Amino acid sequence: MDAVKKNERIPRVLIFGGTTESLRVLDFLEGFDLYVVLSVATEYGRECAGKHGRLQVICGRMDREEILSYIKENFIHLVIDATHPFALEITANIRWACKEARTEYMRCLREELEAAEEMPVQIVRVSSVDEAVEYLSVTEGNILITTGSKELRKFCRIPDYKTRCFARVLSVPESVQSSVECGFTGRNLIAMRPPFSKEMNVATIHYADAVFFVTKETGDAGGMKEKIQACLETGTTLVVIRRPREAGGLVEEICDELDKKFLKYRLTV
(Lines give C-alpha, C1' and ligand atoms only; values in the text may rest on other atoms or scores of the structure.)
Protein backbone atom coordinates (compact mmCIF):
# COMPACT_ATOMS: atom_id res chain seq x y z
CA MET A 1 0.00 0.00 0.00
CA ASP A 2 1.21 3.54 -0.72
CA ALA A 3 2.13 5.74 2.19
CA VAL A 4 -0.97 6.87 4.03
CA LYS A 5 -1.42 10.39 5.29
CA LYS A 6 -2.52 10.41 8.89
CA ASN A 7 -4.88 13.32 8.31
CA GLU A 8 -6.75 11.68 5.42
CA ARG A 9 -10.39 12.69 5.70
CA ILE A 10 -12.03 9.46 4.48
CA PRO A 11 -12.44 6.94 7.33
CA ARG A 12 -10.45 3.74 6.96
CA VAL A 13 -12.22 0.49 7.83
CA LEU A 14 -10.53 -2.89 8.21
CA ILE A 15 -12.75 -5.98 8.06
CA PHE A 16 -11.55 -9.42 9.04
CA GLY A 17 -13.62 -12.08 7.35
CA GLY A 18 -14.19 -14.06 4.22
CA THR A 19 -17.39 -15.29 5.89
CA THR A 20 -20.94 -14.73 4.65
CA GLU A 21 -21.35 -12.06 7.33
CA SER A 22 -18.30 -10.11 6.19
CA LEU A 23 -19.55 -10.09 2.60
CA ARG A 24 -22.95 -8.79 3.71
CA VAL A 25 -21.27 -5.96 5.62
CA LEU A 26 -19.15 -5.21 2.54
CA ASP A 27 -22.29 -5.06 0.40
CA PHE A 28 -23.72 -2.50 2.82
CA LEU A 29 -20.55 -0.38 2.86
CA GLU A 30 -20.64 -0.14 -0.95
CA GLY A 31 -23.06 2.71 -0.38
CA PHE A 32 -20.50 4.84 1.48
CA ASP A 33 -17.42 6.81 0.51
CA LEU A 34 -14.98 4.91 2.73
CA TYR A 35 -11.61 3.26 2.35
CA VAL A 36 -12.33 -0.40 3.09
CA VAL A 37 -9.80 -3.22 3.44
CA LEU A 38 -10.78 -6.87 3.80
CA SER A 39 -8.35 -9.25 5.48
CA VAL A 40 -8.82 -12.94 4.62
CA ALA A 41 -6.81 -15.98 5.63
CA THR A 42 -6.93 -17.90 2.34
CA GLU A 43 -7.18 -17.46 -1.43
CA TYR A 44 -10.67 -18.93 -1.20
CA GLY A 45 -11.67 -15.96 0.96
CA ARG A 46 -10.18 -13.60 -1.63
CA GLU A 47 -12.21 -15.27 -4.40
CA CYS A 48 -15.44 -14.89 -2.41
CA ALA A 49 -14.88 -11.14 -2.17
CA GLY A 50 -13.93 -10.75 -5.83
CA LYS A 51 -17.08 -8.91 -6.91
CA HIS A 52 -16.34 -5.86 -4.75
CA GLY A 53 -14.48 -3.64 -7.20
CA ARG A 54 -13.41 -0.78 -4.89
CA LEU A 55 -12.27 -3.12 -2.16
CA GLN A 56 -8.65 -3.81 -1.28
CA VAL A 57 -8.07 -7.39 -0.12
CA ILE A 58 -5.08 -8.60 1.86
CA CYS A 59 -4.57 -12.35 2.04
CA GLY A 60 -2.72 -14.37 4.66
CA ARG A 61 -2.89 -15.07 8.37
CA MET A 62 -1.53 -12.44 10.73
CA ASP A 63 -0.54 -12.84 14.38
CA ARG A 64 -1.53 -10.20 16.90
CA GLU A 65 1.64 -8.16 16.50
CA GLU A 66 1.19 -8.07 12.72
CA ILE A 67 -2.44 -6.99 13.14
CA LEU A 68 -1.37 -4.23 15.52
CA SER A 69 1.30 -3.03 13.07
CA TYR A 70 -1.14 -2.99 10.16
CA ILE A 71 -3.71 -0.98 12.14
CA LYS A 72 -1.10 1.59 13.20
CA GLU A 73 0.77 1.88 9.91
CA ASN A 74 -2.42 2.27 7.89
CA PHE A 75 -4.22 4.56 10.35
CA ILE A 76 -7.28 2.33 10.60
CA HIS A 77 -10.25 4.07 12.25
CA LEU A 78 -12.50 1.04 12.74
CA VAL A 79 -11.99 -2.73 12.78
CA ILE A 80 -14.91 -5.08 12.13
CA ASP A 81 -14.30 -8.67 13.21
CA ALA A 82 -16.54 -10.87 11.05
CA THR A 83 -14.42 -14.01 11.32
CA HIS A 84 -15.87 -17.50 11.79
CA PRO A 85 -17.65 -18.14 15.11
CA PHE A 86 -15.06 -20.81 15.99
CA ALA A 87 -12.00 -18.74 15.04
CA LEU A 88 -11.31 -17.98 18.69
CA GLU A 89 -7.59 -17.30 18.37
CA ILE A 90 -7.87 -14.72 15.60
CA THR A 91 -10.74 -12.95 17.39
CA ALA A 92 -8.65 -12.74 20.57
CA ASN A 93 -5.73 -11.35 18.56
CA ILE A 94 -7.90 -8.75 16.83
CA ARG A 95 -9.41 -7.61 20.13
CA TRP A 96 -5.94 -7.31 21.67
CA ALA A 97 -4.54 -5.34 18.74
CA CYS A 98 -7.47 -2.91 18.73
CA LYS A 99 -7.10 -2.34 22.46
CA GLU A 100 -3.36 -1.69 22.10
CA ALA A 101 -3.90 0.66 19.16
CA ARG A 102 -6.93 2.34 20.80
CA THR A 103 -8.90 1.60 17.65
CA GLU A 104 -12.66 1.06 17.66
CA TYR A 105 -13.67 -2.62 17.44
CA MET A 106 -16.96 -4.23 16.37
CA ARG A 107 -17.69 -7.96 16.56
CA CYS A 108 -20.11 -9.24 13.91
CA LEU A 109 -21.87 -12.41 15.05
CA ARG A 110 -23.48 -15.20 13.05
CA GLU A 111 -27.19 -15.70 13.55
CA GLU A 112 -28.16 -18.93 15.26
CA LEU A 113 -30.56 -21.41 13.68
CA GLU A 114 -33.31 -21.71 16.27
CA ALA A 115 -35.38 -24.02 14.05
CA ALA A 116 -32.85 -26.78 14.71
CA GLU A 117 -34.38 -27.43 18.10
CA GLU A 118 -37.79 -28.10 16.58
CA MET A 119 -36.75 -30.61 13.93
CA PRO A 120 -37.18 -34.33 14.80
CA VAL A 121 -33.58 -35.33 14.14
CA GLN A 122 -31.27 -37.15 16.55
CA ILE A 123 -28.81 -34.52 17.80
CA VAL A 124 -25.93 -35.03 20.22
CA ARG A 125 -24.58 -31.69 21.46
CA VAL A 126 -21.03 -31.42 22.77
CA SER A 127 -18.97 -28.44 23.95
CA SER A 128 -15.75 -29.14 22.03
CA VAL A 129 -14.03 -31.28 19.41
CA ASP A 130 -12.38 -33.22 22.24
CA GLU A 131 -15.79 -34.05 23.71
CA ALA A 132 -17.05 -35.14 20.28
CA VAL A 133 -14.04 -37.45 19.91
CA GLU A 134 -14.65 -38.88 23.38
CA TYR A 135 -18.29 -39.60 22.52
CA LEU A 136 -17.56 -41.10 19.10
CA SER A 137 -14.74 -43.29 20.42
CA VAL A 138 -17.24 -45.58 22.17
CA THR A 139 -19.68 -45.81 19.27
CA GLU A 140 -19.88 -48.01 16.20
CA GLY A 141 -20.42 -47.06 12.57
CA ASN A 142 -18.87 -44.68 10.08
CA ILE A 143 -18.41 -40.99 10.82
CA LEU A 144 -18.61 -38.03 8.42
CA ILE A 145 -16.55 -35.12 9.78
CA THR A 146 -17.26 -31.62 8.44
CA THR A 147 -15.50 -29.49 11.07
CA GLY A 148 -12.60 -28.50 8.81
CA SER A 149 -8.98 -29.56 8.63
CA LYS A 150 -7.60 -27.44 11.45
CA GLU A 151 -8.61 -29.77 14.29
CA LEU A 152 -8.84 -32.95 12.24
CA ARG A 153 -5.86 -34.49 14.02
CA LYS A 154 -7.93 -34.88 17.20
CA PHE A 155 -10.23 -37.34 15.42
CA CYS A 156 -7.24 -39.63 14.92
CA ARG A 157 -7.80 -40.77 18.52
CA ILE A 158 -10.96 -42.60 17.46
CA PRO A 159 -10.28 -46.36 17.15
CA ASP A 160 -10.01 -47.47 13.51
CA TYR A 161 -10.36 -43.85 12.38
CA LYS A 162 -8.67 -44.56 9.04
CA THR A 163 -11.57 -46.80 8.05
CA ARG A 164 -14.44 -45.36 10.16
CA CYS A 165 -13.89 -41.65 9.59
CA PHE A 166 -14.48 -39.63 6.43
CA ALA A 167 -13.35 -36.00 6.36
CA ARG A 168 -14.98 -33.38 4.15
CA VAL A 169 -12.64 -30.40 3.89
CA LEU A 170 -12.22 -27.30 1.78
CA SER A 171 -10.68 -28.07 -1.61
CA VAL A 172 -7.61 -25.88 -1.20
CA PRO A 173 -4.04 -27.22 -1.04
CA GLU A 174 -3.37 -26.41 2.62
CA SER A 175 -6.56 -28.14 3.83
CA VAL A 176 -5.96 -31.22 1.72
CA GLN A 177 -2.29 -31.45 2.71
CA SER A 178 -3.12 -31.07 6.41
CA SER A 179 -5.75 -33.82 6.14
CA VAL A 180 -3.37 -36.19 4.37
CA GLU A 181 -0.79 -35.63 7.09
CA CYS A 182 -3.43 -36.71 9.61
CA GLY A 183 -3.92 -39.99 7.77
CA PHE A 184 -7.06 -39.15 5.77
CA THR A 185 -6.43 -40.37 2.23
CA GLY A 186 -8.16 -42.05 -0.70
CA ARG A 187 -11.92 -42.40 -0.40
CA ASN A 188 -11.83 -41.21 3.22
CA LEU A 189 -10.87 -37.68 2.17
CA ILE A 190 -13.52 -35.57 0.43
CA ALA A 191 -12.32 -32.15 -0.80
CA MET A 192 -15.15 -29.85 -1.88
CA ARG A 193 -16.21 -26.23 -1.77
CA PRO A 194 -19.40 -24.97 -0.12
CA PRO A 195 -22.23 -24.23 -0.18
CA PHE A 196 -23.65 -27.74 0.23
CA SER A 197 -27.29 -28.44 -0.53
CA LYS A 198 -29.38 -30.97 1.36
CA GLU A 199 -29.04 -33.29 -1.62
CA MET A 200 -25.25 -33.02 -1.63
CA ASN A 201 -25.15 -33.75 2.11
CA VAL A 202 -27.41 -36.76 1.60
CA ALA A 203 -25.17 -38.03 -1.21
CA THR A 204 -22.06 -37.59 0.95
CA ILE A 205 -23.68 -39.42 3.87
CA HIS A 206 -24.54 -42.32 1.56
CA TYR A 207 -21.02 -42.28 0.09
CA ALA A 208 -19.47 -42.57 3.55
CA ASP A 209 -22.20 -44.93 4.78
CA ALA A 210 -22.19 -42.61 7.77
CA VAL A 211 -24.03 -43.26 11.00
CA PHE A 212 -22.77 -39.98 12.50
CA PHE A 213 -22.47 -36.52 10.92
CA VAL A 214 -20.13 -34.20 12.86
CA THR A 215 -20.44 -30.45 12.45
CA LYS A 216 -19.82 -27.22 14.28
CA GLU A 217 -22.82 -25.10 15.22
CA THR A 218 -22.34 -22.81 12.24
CA GLY A 219 -25.83 -21.41 11.88
CA ASP A 220 -27.84 -20.92 8.72
CA ALA A 221 -24.97 -19.17 6.92
CA GLY A 222 -22.81 -22.24 7.48
CA GLY A 223 -25.35 -24.62 5.96
CA MET A 224 -26.70 -25.95 9.25
CA LYS A 225 -30.26 -26.23 8.00
CA GLU A 226 -29.21 -28.38 5.03
CA LYS A 227 -27.18 -30.64 7.31
CA ILE A 228 -30.14 -31.14 9.63
CA GLN A 229 -32.45 -31.90 6.71
CA ALA A 230 -29.98 -34.44 5.31
CA CYS A 231 -29.60 -36.20 8.65
CA LEU A 232 -33.38 -36.26 9.06
CA GLU A 233 -33.84 -37.85 5.62
CA THR A 234 -31.12 -40.48 6.15
CA GLY A 235 -31.65 -41.22 9.85
CA THR A 236 -28.09 -40.08 10.63
CA THR A 237 -27.17 -38.83 14.11
CA LEU A 238 -25.97 -35.23 14.05
CA VAL A 239 -23.11 -34.49 16.45
CA VAL A 240 -23.04 -30.72 16.99
CA ILE A 241 -20.13 -28.87 18.58
CA ARG A 242 -21.65 -25.89 20.38
CA ARG A 243 -20.68 -22.38 19.38
CA PRO A 244 -18.68 -20.29 21.88
CA ARG A 245 -20.74 -17.52 23.47
CA GLU A 246 -19.50 -13.99 22.87
CA ALA A 247 -20.63 -10.39 22.81
CA GLY A 248 -21.31 -8.55 19.58
CA GLY A 249 -24.03 -7.75 17.07
CA LEU A 250 -25.73 -9.50 14.18
CA VAL A 251 -25.17 -8.22 10.64
CA GLU A 252 -28.29 -6.03 10.69
CA GLU A 253 -27.26 -4.49 14.02
CA ILE A 254 -23.72 -3.83 12.82
CA CYS A 255 -25.03 -2.20 9.64
CA ASP A 256 -27.38 0.02 11.67
CA GLU A 257 -24.40 1.20 13.72
CA LEU A 258 -22.33 1.81 10.60
CA ASP A 259 -25.17 3.77 9.01
CA LYS A 260 -25.27 6.15 11.97
CA LYS A 261 -21.49 6.39 12.25
CA PHE A 262 -20.82 7.12 8.57
CA LEU A 263 -24.03 8.95 7.66
CA LYS A 264 -22.21 11.96 6.17
CA TYR A 265 -20.16 9.63 3.93
CA ARG A 266 -23.22 8.02 2.34
CA LEU A 267 -23.09 8.13 -1.46
CA THR A 268 -25.98 9.72 -3.29
CA VAL A 269 -27.44 8.08 -6.38
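**Exercise 1. Characterise the packing of helix 3 against helix 4 in this predicted model.**

*Solution.* 
Step 1. Helix 3 spans residues 64-73 and helix 4 spans residues 88-101; the two pack at an angle of about 45°, and their axes lie 8 Å apart.

Step 2. Angles under 35 degrees count as roughly parallel, and those from 65 to 115 as roughly perpendicular. Helix 3 and helix 4 are therefore oblique to each other.

Step 3. The crossing in which helix 3 passes helix 4 is right-handed.

Step 4. On the side of helix 3, the contact involves Arg 64, Glu 65, Ile 67, Leu 68, Ile 71 and Lys 72. These residues meet Ile 90, Asn 93, Ile 94, Trp 96, Ala 97, Cys 98, Glu 100 and Ala 101 in helix 4. By class, the residues of this contact comprise nine nonpolar, one polar and four charged.

**Exercise 2. Describe the packing of helix 1 with helix 10 by angle, handedness and contact residues.**

*Solution.* 
Step 1. The axes of helix 1 (residues 20-29) and helix 10 (residues 251-261) cross at roughly 30° and come within 10 Å. With the limit for this class set at under 35 degrees, helix 1 is therefore roughly parallel to helix 10.

Step 2. Helix 1 passes helix 10 in a crossing that is right-handed.

Step 3. Helix 1 contributes Glu 21, Arg 24, Val 25, Phe 28 and Leu 29 to the contact, while helix 10 contributes Val 251, Glu 252, Ile 254, Cys 255, Leu 258 and Asp 259. Seven of the residues in the contact of helix 1 with helix 10 are nonpolar, none is polar and four are charged.

**Exercise 3. Determine whether Ser 39 is buried or exposed, and identify the residues it touches.**

*Solution.* 
Step 1. Ser 39 belongs to strand 2, which covers residues 35-40.

Step 2. The relative accessibility of Ser 39 is 4%. Since buried means under 20%, Ser 39 counts as buried.

Step 3. Leaving aside residues up to four places away in sequence, Ser 39 touches Leu 14, Ile 15, Phe 16, Gly 17, Ile 58 and Met 62.

Conventions
Residues are numbered from 1 along each chain as its sequence is written. This is a predicted model: local features need pLDDT of at least 70, side-chain atom pairs count only at pLDDT 80 or more; totals for chains, interfaces and linings use all residues. Side-chain values use heavy atoms; hydrogens and water are left out. Axes are lines fitted to C-alpha atoms, for helices over the stretch in contact, and angles run from 0 to 180 degrees between N-to-C directions. Helices (H or I, at least four residues) and strands (E, at least two) are DSSP runs, numbered from the N terminus. Angles under 35 degrees count as roughly parallel, over 145 as roughly antiparallel, 65 to 115 as roughly perpendicular and the rest as oblique. A crossing is left-handed if the near helix is turned anticlockwise from the far one by less than a right angle, and right-handed if clockwise. Contact means heavy atoms within 4.5 Å. Ala, Val, Leu, Ile, Met, Phe, Trp, Tyr, Cys and Pro count as nonpolar, Asp, Glu, Lys and Arg as charged, and the others, Gly among them, as polar. Buried means under 20% relative accessible area, exposed over 50%, partly exposed in between (1.4 Å probe, protein chains only).
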